[in-house]
Amino acid sequence: MFRYSDLLYEMQLFCRNGVETGNIGNSELGQQIPYIFVGKKNGNYMIVQGAIHAREHLTALLVVNLAKHLVKNPQLSLLGGIYFVPMVNPDGVRLCQEGVGFVGDKQRKSNLLAINGNSDFSLWKANVDGVDLNVNFDARWGEGAENCFCKSSQNYVGKYPFSARETRALAEFTCKIKPCVTLSYHLKGEEIYWEFGQTSHRRYRDKRYAQAISNYTGYKVVSLSDSVGGYKDWCVEKFHIPSFTVEVGNDKFAHPFPYSQFNVIFQQNADLPRRLLNTVVSDNEKLKEAGLADVLR
């Protein structure tokens with residue numbers, strides 16, 4: 001099992017090896033949300049994030065190893081830089097793995113036990129305040145088919161968009177970085193989500209990239225019309241950039257998802273971030289050269 005303490009140790013190793021590390025902000029309990037940067041500081045940036053849902057903590061291990069893959073293979077060309085954010089929801093991951101014991105506030109402990117109904121938090125998806133971070137973004141907030149409006153282990157949209165500290169941290173970091181593409185790792189189903197109201201050229205572009213991801217990973221491209229308020233949705237709507245949610249892991253396995261499947265998942269995704277960034281950057285450069293840079297805005 002990949003824990004928050006393991007992530008902090010990995011960050012130390014990256015730092016010792018001269019790799020840039022930092023934090024995008026803090027969680028509701030004040031825990032740092034680390035990032036790893038690999039590549040060039042040339043304005044062509046990508047954000048790859050994982051573990052925004054607590055029980056999907058295997059994706060944090062995946063994102064760390066995707067960064068390691070590039071660090072260990074410097075011969076692989078990168079046309080820009082990638083910010084890897086392995087664990088957006090550290091409080092939720094700890095709750096999922098450790099239970100309420102690490103939570104210091106007695107009232108918060110009591111509330112969590114009441115929300116969950118028992119002391120087993122292994123299927124918990126939300127943050128420590130019962131907010132599902134991936135429905136807390138300002139992208140048709142609260143209009144999803146499965147959204148709920150009270151604190152829960154999953155699907156609670158929060159009091160208002162960006163009400164959760166972790167959501168705000170990721171949103172503010174994204175606005176600062178101005179990525180040209182984002183990739184969000186979730187678990188499970190081996191599916192690729194790309195769509196959020198794009199039309200015309202942008203729709204064609206993003207579907208084409210989604211198909212390229214499918215060709216590399218073997219996952220299925222899926223269209224969803226009733227899922228809103230996610231990080232991918234917000235990036236598509238606010239920045240008009242290609243943004244993807246990739247659900248790793250075969251659906252035949254139940255949650256808690258077995259770590260025995262990690263090597264399979266890693267092999268399916270090992271070089272995806274680099275390939276996707278390079279393709280997007282190359283396409284954007286071609287549009288600039290042709291004087292068509294504004295066509296996809």
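Why does Thr 174 count as buried? In this predicted model, in which residues are numbered from 1 along each chain as its sequence is written, local features need pLDDT of at least 70, side-chain atom pairs count only at pLDDT 80 or more, and totals for chains, interfaces and linings use all residues. Side-chain values use heavy atoms, with hydrogens and water left out.

Thr 174 counts as buried because its relative accessibility is 0%, where buried means under 20% relative accessible area, exposed over 50% and partly exposed in between, for a 1.4 Å probe and protein chains only. The residue is found in helix α5 (residues 165-177); helices (H or I, at least four residues) and strands (E, at least two) are DSSP runs, numbered from the N terminus. When residues up to four places away in sequence are not counted, Thr 174 touches Ile 47, Pro 179, Tyr 231, Trp 234, Cys 235 and Phe 239, contact being defined as heavy atoms within 4.5 Å.

An open sheet of mixed pairing is formed by 8 strands in the order β1-β2-β4-β3-β5-β8-β6-β7, two strands being paired if DSSP finds at least two bridges between them. Its edge strands, each of which pairs on one side only, are β1 (20-26) and β7 (220-222), and the twist averages 25° from one strand to the next. Axes are lines fitted to C-alpha atoms, for helices over the stretch in contact, and angles run from 0 to 180 degrees between N-to-C directions. Helix α2 lies across β2 (32-39), β3 (45-49), β4 (81-85), β5 and β8, and runs at about 135° to β5.

Strand β8 is largely enclosed by the rest of the structure, because 6 of its 6 residues are buried. Ser 243, Thr 245 and Glu 247 are buried on one side, and Phe 244, Val 246 and Val 248 on the other, which leaves both faces covered. The pairing of β8 with β5 is parallel, over 6 bridges, and includes the bridge partners Tyr 185 and Val 246 as well as Leu 187 and Val 248. With strand β6 (residues 191-193), β8 pairs in the antiparallel sense over 3 bridges, and here Tyr 193 stands opposite Thr 245.

In helix α8 (residues 262-269), the buried residues are Phe 262, Ile 265, Phe 266, Gln 268 and Asn 269. Seen down the axis of α8, these buried residues fall within an arc of 160° and therefore line one face of the helix, the arc being that of the directions from the helix axis to the C-beta atoms. On the other side of α8, Asn 263 and Gln 267 are exposed. The buried residues of α8 pack against α2 (58-72), β5 (181-187), α6 (200-217), β8 (243-248) and α9 (272-289).
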